[in-house]
Amino acid sequence: MRRTTLVTAMATGVALVLTACGGGGSSSSGSDSGEVTFWDTSGPNESPVFKKIAEACATKDGYKVKTETVAFDQAFANYKTAAQGGQGPDVFRSEVAWVPALAKNGMVADLSDTDLAKDTGDFLETPLGSVKYEGKSYGVPQVTDSLALLYNKKKLADAGVQPPQTWDELKAAAAKLGGEKSFFLNNDAYYALPFIYGAGGDLIDTNAKKIVVNSATNVKAMQTAKGLLDAKAATTALDQTNSYNNMQAAFSSGEVAMVVNGPWAVADYLKGAAFTDPANLGVAPVPGDAAGKGSAPVGGHDYVIRQGTKAKTSSIKFVQCMSSTESQAQIAKELGLLPTRKSAYANADVKANAVVTAFEPVAKSAHPRAWIPEGGQLFDPLKIAYADVLAGKKDAKAALDEVAKAYKDTVVPEYSIG
């Protein structure tokens, strides 16, 4: 998942309303306009590269492409509004959690009978799962991501500290790393998942149709996170709106020694004073339980094609090209983002990218999320609870009981609690 609080808006609401007219209305049988409108939801470090590759794909395959950069935190709502009116882009860069919701509502094309759904064996299994809904294929994985422990190599080396493999080790290392300046704990919901998954917990059990977010395992996981703050081994931001930006600034400047974040953040870090030498940025798996078993969520983005596009044939060609091994290798080389194709990791340029190489085992072992239409709605209640726990406003059990109730009341009412 790309977190809504992480991405700076790159287009105004007015621009998005105007953009919603792109791509045309309902398709006529067998026709193809030859022009693909692509809504790119990436950040400012990424969008120029995606646009360059998109234009190269269009030139190579003989159609036109219009790339429109849209604000990530508005894109899902604006896409739904446009698609309901038979408008919007032909191809949409969708966060992985959005795909089943769009598929359920008939807003993206079923690609099961197209070339895009054939020969998918080269894709990593977990990202590929994000494009499936009720046995059909509705997209192609673009990039994958997960969370890892990012650390300042010099700070750890100077303190005689190895990258911690457990949360207890991180706590113990804090005394040598400046106490609270050892680790910045982002209080957003996505960043609670390494504690939950690492402890063996989950939010819901889709097979049993149960809400398990308030399990004893998860209560302990939240207490582990809060325990880092109580031990003065970490700091966080009480203002959740600015928590991510505060974390970025603190780590980039060298104020804190470690953070948990994903590959998308690396470009920002390398602009900071602490990483003028890129080799100073270390990447390790997220810490875990006493046995050192950590686990992080899978995130990323998929290409989907709008149901009703007038450019379906061209859109299929576009997605084929954008998701090819060559394109994925270029994205990895230039941006450090993680390919979804196994073959891309064998590319020499990709192998030479230290960040991608370090994140590869993290992504391959990432914990799958619930690929259900309501999956994206699981985060808002957890976001509130996690921030309340870290701020000491509520104990973990009470906060997670409220999350379970919110899931039952508004997200998955057909599920039972526990």
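Helices (H or I, at least four residues) and strands (E, at least two) are DSSP runs, numbered from the N terminus. Residues are numbered from 1 along each chain as its sequence is written, and side-chain values use heavy atoms, with hydrogens and water left out. The structure is a predicted model, in which local features need pLDDT of at least 70 and side-chain atom pairs count only at pLDDT 80 or more, whereas totals for chains, interfaces and linings use all residues.

The predictor's confidence in each residue is expressed as pLDDT, from 0 to 100. The mean pLDDT of the protein is 91, and 93% of its residues reach 70 or more. Over residues 1-29, pLDDT stays under 50. For this segment the model has 85 contacts beyond four places in sequence, a contact being heavy atoms within 4.5 Å.

Burial was assigned from relative accessible area: buried means under 20%, exposed over 50%, and partly exposed in between (1.4 Å probe, protein chains only). A nonpolar core is a set of buried Ala, Val, Leu, Ile, Met, Phe, Trp, Tyr and Cys residues joined through side-chain atoms within 4.5 Å. The largest such core has 113 residues, and Phe183, Phe195, Met222, Met258, Phe318 and Tyr407 have the most contacts inside it. Helix H17 (residues 396-411) supplies the largest share of this core, seven residues. A second, separate core of 16 residues includes Tyr79, Ala103, Tyr133 and Tyr138. Residues up to four places away in sequence aside, the partners that phenylalanine 183 touches include Leu149, Trp167, Leu170, Met258 and Val260.

Helix H2 (residues 47-61) has 15 residues and, at 1.5 Å a residue, should span 21 Å, the expected span being 1.5 Å times one less than the number of residues. The end C-alpha atoms of H2 are 21 Å apart, which agrees. Its buried residues are Ser47, Val49, Phe50, Ile53, Ala54, Cys57 and Ala58. They pack against strands S1 (35-40), S2 (64-69), S3 (91-95) and S6 (140-145), and against helices H12 (312-322) and H13 (325-335). Just after H2, glycine 62 takes a positive phi of about 80°.

One disulfide (a pair of cysteine sulfur atoms within 2.5 Å) is found in a search of the whole structure. Cysteine 57 and cysteine 321 form this link, with their sulfur atoms 2.1 Å apart. The angle about the S-S bond is -80°, and the link is left-handed. Because cysteine 57 lies in helix H2 and cysteine 321 in helix H12, the pair ties together parts that are 264 residues apart in sequence. Cysteine 57 counts as buried at 2% relative accessibility, and cysteine 321 counts as buried at 8%.

In helix H10 (residues 243-253), the buried residues are Ser243, Tyr244, Met247, Gln248, Ala250, Phe251 and Ser252. Their cover includes strands S7 (148-152), S8 (183-184), S11 (258-261) and S12 (281-284), together with helix H11 (266-269). Glycine 254 follows H10 and has a positive phi, near 90°.

Strand S13 (residues 299-305) is largely enclosed by the rest of the structure, because seven of its seven residues are buried. Gly299, His301, Tyr303 and Ile305 point one way from S13, and Gly300, Asp302 and Val304 the other way. Two strands pair if DSSP finds at least two bridges between them. S3 pairs with S13 in the antiparallel sense over five bridges, and glutamate 95 stands opposite histidine 301 in S13. S6 and S13 also run antiparallel, joined by five bridges, and aspartate 145 stands opposite glycine 299 in S13.
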